[in-house]
Amino acid sequence: MTLPAPLFRLLWHSLLYISFGMAMVLLLRQPARRAFGAGPAFTLWLLPALLASLPWLPATPAIWSPLRAVSVWSDATMFVVSATPRVFALHWPLRLWLGGSCLCLLRLALHYQRLLRQSQRLPDSMRQALAEQLGAGELQRLRLHADGPAVLWAPRSRVLLPADFLTRFDAREQQLVLQHEFTHLRRGDALWSVLAELAAALLWFHPLAWLALPRLRLDQELACDERVLRHSPQDEASYAHTLLHSIGMQAMPMFIPWLTQPQLKERLHMIQRPRPGTLRRRSGFIALALAMASTACITQAASSYGQQAPATDQGMNTVTQRSPIYPADAIKRKQQGTVVLLVLISPDGKPLKAKVEPATKAAPDLIQAATDSVMTWRFDPATRNGKPTEAYARVPITFSLDPTPPVAAPPPPPPPNSSNF
């Protein structure tokens with residue numbers, strides 16, 4: 001099994017970046033929580049996804065590449081040069097990754113279907129008892145499931161309650177549990193939980209992914225607890241008692257449970273600690289957003305460093321190339337010379353603009369013939385971070401009336417300034 005070289009580089013860089021992002025979040029999540037609160041700290045989990053997307057973003061046209069000289073004689077005929085894209089043979093590692101990912105995704109799909117099948121509509125008696133606490137729209141989202149209280153993602157996410165919900169919790173505890181679960185829904189946590197599960201399935205081979213997933217769930221619960229208590233600070237004692245009163249459950253894929261045993265200690269500590277005020281919390285959101293944006297910019301700049309020098313291994317090459325036709329008038333006047341064109345190539349390999357290099361000393365007919373021909377060429381575009389990007393190509397075309405091979409073109413000058421175009 002093979003992959004095109006650009007796609008291989010994109011995937012490889014995304015893996016490196018997401019690994020760096022997960023390591024940064026694991027190091028910063030607790031200091032950020034202590035400084036700004038659980039809500040801002042949870043947003044740090046956007047960093048791995050942000051960094052993983054960098055290689056796929058459009059790049060600026062800063063790369064340039066020299067192409068081999070094209071020679072045109074007075075009796076030159078048209079010809080076509082084809083280039084075969086480079087590929088990487090991955091064989092068993094790629095098959096192993098795809099096989100493992102498919103198995104993990106299949107497990108998620110089967111588990112999700114089982115959860116949907118096992119969830120049932122609430123009995124009428126239970127619906128009537130909860131009708132006083134919830135509106136009609138919220139009642140429609142309630143389902144009966146043995147592993148509740150929990151939130152289950154769906155196109156219209158659901159709140160799962162156990163059959164003994166009314167007897168296990170008193171009236172105030174019921175309100176707090178329902179407030180917690182519907183806060184999850186308003187925050188969109190069910191969808192984020194599914195996306196995290198899908199990412200873990202694709203990164204099944206990555207130790208950091210399995211280390212990060214339970215911590216993401218914990219930070220999600222802490223952020224939800226913090227929001228509930230921010231609106232009901234008088235309920236701290238009742239909230240802690242409800243957590244202690246609950247029976248611990250195991251975390252399940254596609255699922256946000258009310259409580260799992262490893263979360264209990266952290267959640268009780270968060271309730272006891274003073275929570276940051278509104279100004280500090282909002283400052284935390286801004287500070288962490290700026291920090292993540294700066295990290296992304298620095299990472300992108302670092303990955304682009306060293307790619308500005310001219311190099312044919314950037315992928316710049318001609319795929320379809322027609323030799324220019326030697327102008328009849330130039331042959332009569334015995335005009336010859338080398339035309340050096342600076343051509344801007346689009347990510348899809350089409351020439352966008354062509355300008356004559358200032359040092360070129362050639363007749364206008366030769367310049368026009370070279371320009372007209374080059375604008376019909378197609379190129380294997382340059383790449384940055386494995387993604388096709390705009391780039392400048394230096395194309396020397398030599399017109400010669402002498403059938404002997406021309407002397408090699410001089411080395412290329414420094415990269416042209418884009419303002420020349």
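Predicted model: local features only at pLDDT ≥ 70, side-chain atom pairs only at ≥ 80, totals over all residues.

Reader: Which helices are linked by the salt bridge of D219 and R33, and how many residues apart are the two?
Author: The side chains of D219 and R33 meet with 3.0 Å from N to O. This pair links distant parts of the chain, with D219 in helix α10 (residues 207-231) and R33 in helix α1 (residues 5-36), so that the helices asked for are α10 and α1, and the residues are 186 apart.

Reader: Are D219 and R33 buried or exposed?
Author: A residue counts as buried when its relative accessible area is under 20%. The relative accessibility of D219 is 3%, so D219 falls under that limit. For R33 the value is 9%, so this residue, too, counts as buried.

Reader: Which residues are linked with R33 and D219 in a network of salt bridges?
Author: The salt bridge between D219 and R33, at 3.0 Å from N to O, belongs to a network. Besides R33 and D219, the residues linked in this network are R29 and E266.

Reader: What does the salt bridge of D225 and R267 tie together?
Author: The side chains of D225 and R267 form a salt bridge with an N to O distance of 2.7 Å. D225 lies in helix α10 and R267 in helix α12 (residues 261-272), so the pair ties together parts that are 42 residues apart in sequence. Both D225 and R267 are buried, and the helices tied together are α10 and α12.

Reader: Which residue of the salt bridge between D164 and R168 is buried, and which is partly exposed?
Author: Their side chains meet at 3.2 Å from N to O. The relative accessible area of D164 is 33%, which lies between the limits of 20% and 50%, so D164 is partly exposed. With 15%, under the limit of 20%, the buried residue is R168.

Reader: Where do Y112 and W153 lie?
Author: Y112 is buried at 11% relative accessibility, whereas W153 is partly exposed at 25%. The pair ties together parts that are 41 residues apart in sequence, because Y112 lies in helix α4 (residues 92-118) and W153 in the loop between β6 (150-152) and β7 (158-161).

Reader: What is the distance from R143 to the nearest side chain of opposite charge?
Author: R143 has its place in strand β5 (residues 142-144), and among the residues that R143 touches are S119, Q120, R121 and R158. R143 is buried yet has no salt bridge, and the nearest side chain of opposite charge, that of D124, is at a distance of 11 Å.

Technical notes
Residues numbered from 1 in each chain as written. Heavy atoms only, no water. Salt bridge = Lys/Arg side-chain N within 4 Å of Asp/Glu carboxyl O. Helix = DSSP H or I, 4+ residues; strand = E, 2+ residues; numbered from the N terminus. Buried < 20%, exposed > 50% of the residue type's maximum accessible area, 1.4 Å probe, protein only. Lys, Arg positive; Asp, Glu negative; His and termini not counted. Contact = heavy atoms within 4.5 Å. Lists of a residue's contacts leave out its neighbours within four places in sequence.
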